[in-house]
Amino acid sequence: MVSIHNLGFGYSKKKPVFEGLNLELQTGNVYGLLGRNGAGKSSLLRNIAGLLTPTSGQCTVKGHTPHLRQPKFLQELFFLPEELHIPPISMKEFVSVYAVFYPNFSQNQLNEYLKEFEVDSTARLTELSLGQKKKALISFALATNTPLLIMDEPTNGLDIPSKSQFRKIIASSITNERVILISTHQVRDLESLIDPIIIMDNREVLLNAGADVIAEKLSFKTVQQVTNHEKVLYSEHSIRGFGIVIPNEDKSYTKVDLELLFNAALEKPQVIKQLFN
Amino acid sequence: MEFRENQAIYLQIAELICERILLKQWASEDKVPSVRELAVQLEVNPNTVMRTYDFLEQKGIIFTKRGMGFFVSTDAHDKVTEFRREEFLQNELPQFFKAIHLLGIDFSELQNRFEAFKTENY
């Protein structure tokens, strides 16, 4: 659905945020986009959403060129930014203003999500707490039923029960016609939900792979001592021993530890790139 | 659901289903929850649950009826026992061996305790 070739972008010519970036997103998936602060995650999301214009290369979404911002394209996508800009109106009024732009918007779904999240739809959005605002907008975003849904750090500001509701709602709303793309630093919140995983660093995509492909190639283990150092891609010390990432040689599938995977990708970007390309 | 760290999530979900079958919460020919229902319940990616179902289907523990979803096989109980036995011997027993070796517990003590355990519980 999303196809990116050789994409370059920068806020100034001297300092590109990314160059020659390639990425393909297929329908039916909840992608998790990981990268350290300043790696260009939000810039990438904004390029896909048409809010920024690439300096080189191509980005297409269902055949549309995002930065042209044609209505046909804009109705296929909902972008939920990390920092919300909300008018001082109630959810009901918000719907009457914005829902018309989305042909597949469902009021029933919205009501369901708001109920699940326990958000008061009659209160002014600006008077809600940060978490409540986020939940109101996440509900609206999902109810638009756009083929592409992009969320930048959606779980920031959500309390513990809301995070669990968020996972349930996302699990129920992904369909074979849809792509949900979530950028996050809260990997523990979304660990069992996001799959495939995309890791960005140093102006490029290091990895874009499903959990099963990752588990096929890499093992994530806790060991008491690190032996065969030459094979270990990454290790970190904790009270329980060493958390290690090592090529999977015995064909046993371990659970993909996203934190270890992320740190391994930052430490050995070339090895990770070769392994997954 | 909380997942342990050392095993792929789809296998942990498979184990959960196997447990329900062994405990007879899910009987032969029962319909199992749809992929989406179980994904929502466990808060995991539906693709992961699909992988679990594919895996259990390969093992003959569940089967598909066209357009109606997945059902528990007639001989699921035996198949699960067989699968769990293999799992135990391969994954859990080495851990157990490691512990008794480290702690210097010998087999005769285990034998006694095992007999006592059986009379107490069964």
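Against which helices do the buried residues of α2(B) pack? I began my notebook with this question, and I note first that the model is predicted: local features need pLDDT of at least 70, side-chain atom pairs count only at pLDDT 80 or more, and totals for chains, interfaces and linings use all residues. Residues are numbered from 1 along each chain as its sequence is written, while chains are lettered from A and ligands numbered from 1 in the order in which they are written.

**Entry 1: helix α2 of chain B**

I found that the buried residues of α2(B) pack against α6 of chain A, together with α1 and α3 of chain B. I take helices as DSSP runs of H or I with at least four residues and strands as runs of E with at least two, numbered from the N terminus. Contact here means that the C-beta atoms of two residues, placed from the backbone, lie within 7 Å. The buried residues in α2(B) are B:Leu38, B:Ala39, B:Val40 and B:Leu42. I call a residue buried if 20 or more other C-beta atoms lie within 10 Å of its own, exposed if 12 or fewer, and partly exposed in between, with C-beta atoms placed from the backbone. After α2(B) comes B:Glu43, and I read its phi as positive, near 60°.

**Entry 2: α2 with α3 in chain B**

I next looked up how α2 (residues 35-42) and α3 (residues 46-58) of chain B pack: the angle is about 120° and the axes are 8 Å apart. Axes are lines fitted to C-alpha atoms, for helices over the stretch in contact, and angles run from 0 to 180 degrees between N-to-C directions. The two helices are therefore oblique to each other. For such angles, under 35 degrees counts as roughly parallel, over 145 as roughly antiparallel, 65 to 115 as roughly perpendicular and the rest as oblique. I recorded the residues that meet: B:Val35, B:Arg36, B:Leu38 and B:Ala39 from α2(B), and B:Pro46, B:Val49, B:Met50 and B:Tyr53 from α3(B). By class, this contact has 7 nonpolar, no polar and 1 charged residues. Ala, Val, Leu, Ile, Met, Phe, Trp, Tyr, Cys and Pro count as nonpolar, Asp, Glu, Lys and Arg as charged, and the others, Gly among them, as polar.

**Entry 3: chain B against chain A**

How many residues does each chain bring to the contact? I noted 17 residues from chain B and 17 residues from chain A. On the side of chain B that touches chain A, the elements giving two or more residues are α1 (9-22), α2 and α3 of chain B. Of these, α3(B) gives the most, with 4 residues. I find that this side of chain B divides into 8 nonpolar, 5 polar and 4 charged residues.

**Entry 4: α5 with α6 in chain A**

I then turned to helix α5 (residues 130-143) and helix α6 (residues 160-173) of chain A, whose axes come within 12 Å and cross at roughly 5°. These two helices are therefore roughly parallel to each other. A:Gly131, A:Lys135, A:Ile138 and A:Leu142 of α5(A) make the contact with A:Ser162, A:Phe166, A:Ile169 and A:Ser173 of α6(A). I count by class 4 nonpolar, 3 polar and 1 charged residues there.

**Entry 5: A:Pro147**

I located A:Pro147 in the loop between α5 and β6 (148-152) of chain A. A:Pro147 counts as partly exposed because it has 18 C-beta neighbours inside 10 Å. From C-alpha to C-alpha, A:Pro147 and A:Gly28 are 9.7 Å apart in space, although 119 residues apart in sequence. Leaving aside neighbours within four places in sequence, the contacts of A:Pro147 include A:Met1, A:Lys62 and A:Glu76.

**Entry 6: domains of chain A**

I noted the division of chain A into domain 1 (2-88 + 143-209) and domain 2 (212-276); the bounds come from an automatic or database domain assignment. Their C-alpha centres lie 26 Å apart. The contact takes 11 residues from domain 1 and 11 residues from domain 2.

**Entry 7: backbone angles**

Most residues other than glycine have a negative phi, and most peptide bonds are trans. I recorded a cis peptide bond between A:Asp195 and A:Pro196, with omega about 5°. A:Pro196 lies in the loop between α7 (187-190) and β8 of chain A. In strand β1 (residues 2-10) of chain A I found A:Asn6, whose phi is positive, near 50°. B:Lys24 also has a positive phi, near 65°, and lies in the loop between α1 and α2 of chain B. B:Lys24 counts as exposed, with 9 C-beta neighbours inside 10 Å.
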